[in-house]
Amino acid sequence: MKAYTMGSNSSILLQKEEINAIAIETGFSPNQIKRLYNRFTALDKDKAGYLTRNDLLRIPELHVNPLCDRIIEVLIDDHGKDGKLNFRQFAQVFSTFRREKNENNNLNSKENKLKFLFGIYDRDKDNKINKSELLGILKMLVGSNIPEEQMNAIAERTITELDENGDLVITFEEFCDTLKKIDVDEKMSMKFLT
Ligand SMILES: [Ca+2]
């Protein structure tokens, strides 16, 4: 059994069998998985074998994103377990952002990309974005530069515009309709492996 040790003092080995299994489910090539594993172990400073919120904060692409905290919450809570994200979960969630079609499953389908995006808003997971969830995101995006009242008006107007059935929340379907015209594959593909 051949094992790849990725850092000179890495205590976690990635077995060839595991690489193959991850390659099949994620569509990443074995070489891409090894590179992803390098990034994983570099983030996993204390060699715990999993990433915590603090580890994920070290990803520069995330660090500069105003929704960083929320994205990490989605990564850890929705894709990891007990506040931890192991390598397999890490590879799965990042494969969502691959552009090439996955032959084996729909991990990186457009719908799954949109689900990830929707999950950033819908934190109570009722499959609807309500006004307070939208307001939470707006505040992260614009900080405290805009008065509460104005922010409130923006949230209300956005919901009215996107809501098609008059229930004053944005369903996943309405969310997808809005983003239909956007090339999600282009916008949400991360150059994480370069
Ligand atoms: Ca919700």
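**Exercise 1. Find which protein atoms are donors of the calcium ion, and how they are arranged.**

*Step 1.* Start with the atoms around the ion. Donors are N, O and S atoms within 2.8 Å of the metal (3.2 Å for Na, K and Ca); water is not among the atoms, so sites may look incomplete. In this predicted model, the protein donors are D122 (OD), D124 (OD), D126 (OD), K128 (O), E133 (OE) and E133 (OE), at 2.2 to 2.6 Å from the calcium ion.

*Step 2.* Read the donor residues along the chain: their spacing is D-x1-D-x1-D-x1-K-x4-E.

*Step 3.* Now look at the angles. Six donors count as octahedral if opposite donors are over 155 degrees apart and all others between 65 and 115. Here the angles among the six donor atoms run from 52 to 157°, and the site is irregular.

*A note on the model.* Residues are numbered from 1 along each chain as its sequence is written, and side-chain values use heavy atoms, leaving out hydrogens and water. Because the model is predicted, local features need pLDDT of at least 70 and side-chain atom pairs count only at pLDDT 80 or more, while totals for chains, interfaces and linings use all residues.

**Exercise 2. Decide whether D122 and K128 are buried, partly exposed or exposed.**

*Step 1.* Take the cut-offs: buried is under 20% relative accessible area, exposed is over 50%, and partly exposed lies in between (1.4 Å probe, protein chains only).

*Step 2.* D122 has 5%, so D122 is buried. K128 has 34%, so K128 is partly exposed.

**Exercise 3. Describe how helices α7 and α10 pack.**

*Step 1.* Locate the helices, which are DSSP runs (H or I, at least four residues) numbered from the N terminus: α7 covers residues 110–121 and α10 covers residues 172–179.

*Step 2.* Their axes, lines fitted to C-alpha atoms over the stretch in contact, are 11 Å apart at an angle of about 115°. That makes α7 roughly perpendicular to α10 (the term covers 65 to 115 degrees).

*Step 3.* List the contacts, meaning heavy atoms within 4.5 Å. From α7, E111, L114, K115, L117, F118 and Y121 meet F172, F175, C176 and L179 of α10.

Technical notes. Tetrahedral: all angles 85-135°; square planar, octahedral: opposite > 155°, others 65-115°. Axes fitted to C-alpha atoms, helices over the stretch in contact; angles between N-to-C directions. Helix = DSSP H or I, 4+ residues; strand = E, 2+ residues; numbered from the N terminus. Parallel < 35°, antiparallel > 145°, perpendicular 65-115°, else oblique.
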